[in-house]
Amino acid sequence: MKLSFTLNGRAVQVAAAPDQRAVDLLRELDALDVKEGCGTGECGACSVLVDGVHKLSCLLLAAQLQGRELTTAAGLGGGDPHGPHVPHPIQRAFAEQGAVQCGFCTPGMTIAAAALLAENPAPTRLEVRRGISGNLCRCTGYVKIVDAVRAAALELADVSVDVSADVPAEALSAASDAALAYPAGETAGDASSVVPGAALAAPAGDAPGGAFSVTPVSARVRAKGRTTGSTTGSATGGGKAKAGGAA
Amino acid sequence: MPSSKSAPRCDALAKATGAERYALDLAPADCLFAGAFRPGAVLGIAHGRLRGLDPASVAAALAVPGVLRVLTAADVPGTNRQGIVHKDQPVLCGEVIRHAGDPVALVLAESALALRRGLAALRADIEPLPGVFNPEEALKKGAPLVHAGRKGGNLLLSALIEKGDARQALKSAPVVLRGEFSTPVQEHAFLETQCGFAQLLPDGVLDMTVSTQAPFRDRFEIGHALGLDPLTIRVRSPYLGGGFGGKDGSTVQCLLGLAALCAGGRPVRMAWDREESILAGYKRHAVRLRYTLGADEDGTLLALSCRLTYDTGAYAHLGGEVMELGMEHAAGPYRVPNVRVEGRLAYTNNPIAGAFRGFGVAQVSPAFEGLLDALAAKLCLDPLELRRKNALHTGDENSSGVTLTSSVHLAQCLDELAAHPHWTGREAWRVAAPPLTRRGVGVSCVFNGMGYGRGLPDMAIAKVELTEAGDFLIYTSVPDMGQGNAAAFALLAAQELNQPPEGIRLVQPDTERCHPSGSSSAGRTTYTYGNALLKACAAMRAKLLTRAAMALMADEAEALELVPGAVQHRTTGRSLPLAALARFLSRDDRLSVAEFLMPVAQDRPDTGRGFAIGFPHLFFAFAAHLARIEVDELTGRVRVCDYVCVTDGGRVLGRSCFDQQAQGGAAQGIGFALTEDFQVRQGLIQTRDLSTCLIPTALDLPDIESLAVDGCEPTGPRGLKGVGEVGLNGPAPALAAALEDAIGTRLRDFPLNPERVLAALKKRRPSSKSGRESGTNSATKAGPKPVAKLGPESGPKPGLKPGLKSERRRA
Ligand code: FES
Ligand code: FES
């Protein structure tokens, strides 16, 4: 079938089998920044923005791109599409904060970060962790990724507005190292009280292609056992379903 | 947390914007697709006699539009045997499959879809053979043989390290502790699966681009397997999307080479999907460990004896070398005068084990540290103090009998940890556990050898070129799998040549353009190649100054210096741009090549038996780790609340990169210790995807704190040592210690999954609803009798009296 959509600001018209996976089509279209790490919705490496919403292109079919606006990591930044690419502040922050090691997760991770910051311009460290929890990174241990997203948030925030917008004070205390640490009393550990169910399991199908939106990634993964069904007091998303059942 | 704003890694921005190209991104559009047929997993057979492919199914596969070839063992030229040290692994199996992921055919197709359909059409006729899935069973008489007819049966290697007389010393030691431990298989789970593409060029060169850690050695492995002259094979290795040891040795290489030989000169690509990556990829060795430790009443270690059994799975890969390193580290980073370490490496019909960050050492670490904690409990000593008391220092003889002339800053790591508020404030934190949870704090002390060890020269050859444009090219030759060595090379060269970062460009490893420099592994990459590079840069600088002297009319080259983009006369300030200087020089003259060979232990001890290569090591990175955990009494789940690593990696070249290694290693170690739980039953992998192989997500980890002790390794480039591996070794023992602190039982089988934790909690008296009394758990540590000689030490016995607590406290 003939498809037309926008890819990183450029109109694309392409013939594709309707059941072709979007990740394959995008890579054929030279969007090689879209990576495949699993092909089954578990790693987030193939993340793209579809009409501004974080989706996994390995779970999207080509036909679902029809008429949509797609942004991949390469399209996050600015500049003339034919001229030099101007990195997005998130991408610069990833580089500057040491959030990039092998870099294979990074394009997808920056997409997740962009989607997060669009919704929540001043996330706490825990909110960042939650926002990127559908994207796996095997290299970094995530500390510097969280640093980077927070640094980007600081840079992107219009400070004068933010002050009145009651952003946590520590978010405004300049882009110092201290500002990138957890505010007192907040640790990733507190996930236990916040993460369960509600936070991760937003209803699917709330938008076209919603079954593939970022939130259901967690739901999908949970269904397969990445976190427990009950999540009672569950802090680590990495437990086994059967443990949850035993609880 | 240090801001790294000043000096981001030179590879970071291109990776962050998605501009960087990995192996598969570089594949030409007209590639054919190759894929392996691995019927064992589908049939549920891990060991079987291959009667053949069903001819009708082959015809059906070939009838799929776009399927070009179905290749079998009969099509493999050469020996059809791959392997790094032992050539025991068929590229395609002809008679027997020895694990469920063994390939028996290779399909070549025009498209990914045709390949999938072709593979799906194939059927193999395999007669199941009795398998062996436990290394100790495999070593018994009458066990099914994994490699029939092999001399030595399933025993791939048996080795011994003996120093002093451990048996005698244990007989007279005032305190003797025993423990049995086991550590599981671990999956690398790099985000980029094994992949690459290849093409047979008209001049006969097999040109390959592969996600590989060892491009130079690959040529020999491929050449041997496929009957090719290794020097007609060109391997290029762009940035890897993760490796961690799992891309050391042939993954796709031999299959891909075979495909290219049969593709009529067209390029062919091969990429394992996640399931195949898990099925066929190399794993961390599962190990069983039996330990006996003897000590004096004051905690001085006297003797250690242990027996380690490593499961290498169906093929050797680097099993011998992995076990060697584990044995060398079996006694921990401590002074132990009498040591006896027996190692046995067995073939089984399990998935193939191979190199994995922490190379054999991650497995022994929870064992020696487990007994150290038991000893501390027995003698009522502070576990950190006990470690400090026995810690190795420079000049000490280690457990292999090597006198450590290299840098050892373990004591500083421990000092740093001892002063950390998480340690000094541990009691208060512990007793503040919320209801239905228990808290615990544990520490561990670990180390990891650097380099290949004696008998396998650890060498690198660096090449630097001044380009006509006046900037410098570094021919890196050791792949960067994400650890940042490429960026470290660029930084070292920029410093040595006094150039701005943009004056240095990197050529990624390419066997045709770069010089052999060994694999990206063993914590050696930056050390060995970095040293060679510094020499090459120094020679380059000297040469350029001499060459510029004439143009600048300087009588002595010493009057000149390299400045960004130019050579400058110190006193007059006259300068010659490098681009102008480059035009005077022929290409040959614009090159500088230098090599470096890692020093080895001079007083080669006579302690090791059975090691072919790689024993012993001289350089080690050290670390002390601390974990604070919370255990959910209802679910048995362990949550890591805080994690601290203090690392001695010599001098720190780039702090951000150093912390990346510490944090990333610890994160993988935490996954190994707690959640990954890789399951293999009867040789069949149950953990087949990333939803069951639970590598940590951002919500599973705390902000891992990385601290550095600023040691200096005099032989290192700018004083550094390799820190890539040591971080992985700390979490398993630190978390087991923290768990013991929390629940009173030492778990010795890993991972510390909720099932095991719950079982341990159930065995013990259930705690009161409001959480337990402060410090109750310490009571449950091994008894306080300081001088008693104990039998098997398998954790505290049920019903230990709470009163013991105070005794320990008082002490
Ligand atoms: S490739 Fe892993 S989620 Fe799409
Ligand atoms: S940087 Fe390698 S997977 Fe994230």
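Here are some questions and answers about this predicted model.

User: How many strands does chain A have?
Analyst: Let's begin with the overall make-up of chain A. Its helices number ten.

User: What percentage of the residues in chain A is buried?
Analyst: Chain A holds 247 residues. A residue is called buried when its relative accessible area is under 20%. By that cut-off, the buried share of chain A is 57%.

User: Are helices α2(A) and α5(A) parallel, perpendicular or oblique to each other?
Analyst: Helix α2 of chain A covers residues 89-96, and helix α5 of chain A covers residues 143-156. They pack with their axes 8 Å apart, at an angle of about 135°. Angles over 145 degrees would be roughly antiparallel and those from 65 to 115 roughly perpendicular, so α2(A) is, relative to α5(A), oblique.

User: How many charged residues does the contact of α2(A) with α5(A) have?
Analyst: On the α2(A) side, the contact includes Arg92(A) and Phe94(A), while the α5(A) side includes Ile145(A) and Glu155(A). Sorted by class, ten residues are nonpolar and no residues are polar. The number of charged residues is two.

User: How many residues are in the second, separate core?
Analyst: Start with the largest nonpolar core, which has 83 residues. Among the members touching the most others there are Phe94(A), Ile145(A) and Val631(B). The second core is separate and includes Cys306(B), Phe611(B), Ala624(B) and Leu707(B). Its number of residues is 76.

Definitions and conventions. Residues numbered from 1 in each chain as written. Chains lettered and ligands numbered in written order. Predicted model: local features only at pLDDT ≥ 70, side-chain atom pairs only at ≥ 80, totals over all residues. Heavy atoms only, no water. Core = buried A, V, L, I, M, F, W, Y, C linked by side-chain atoms within 4.5 Å. Buried < 20%, exposed > 50% of the residue type's maximum accessible area, 1.4 Å probe, protein only. Axes fitted to C-alpha atoms, helices over the stretch in contact; angles between N-to-C directions. Helix = DSSP H or I, 4+ residues; strand = E, 2+ residues; numbered from the N terminus. Parallel < 35°, antiparallel > 145°, perpendicular 65-115°, else oblique. Contact = heavy atoms within 4.5 Å. Nonpolar A, V, L, I, M, F, W, Y, C, P; charged D, E, K, R; others polar.
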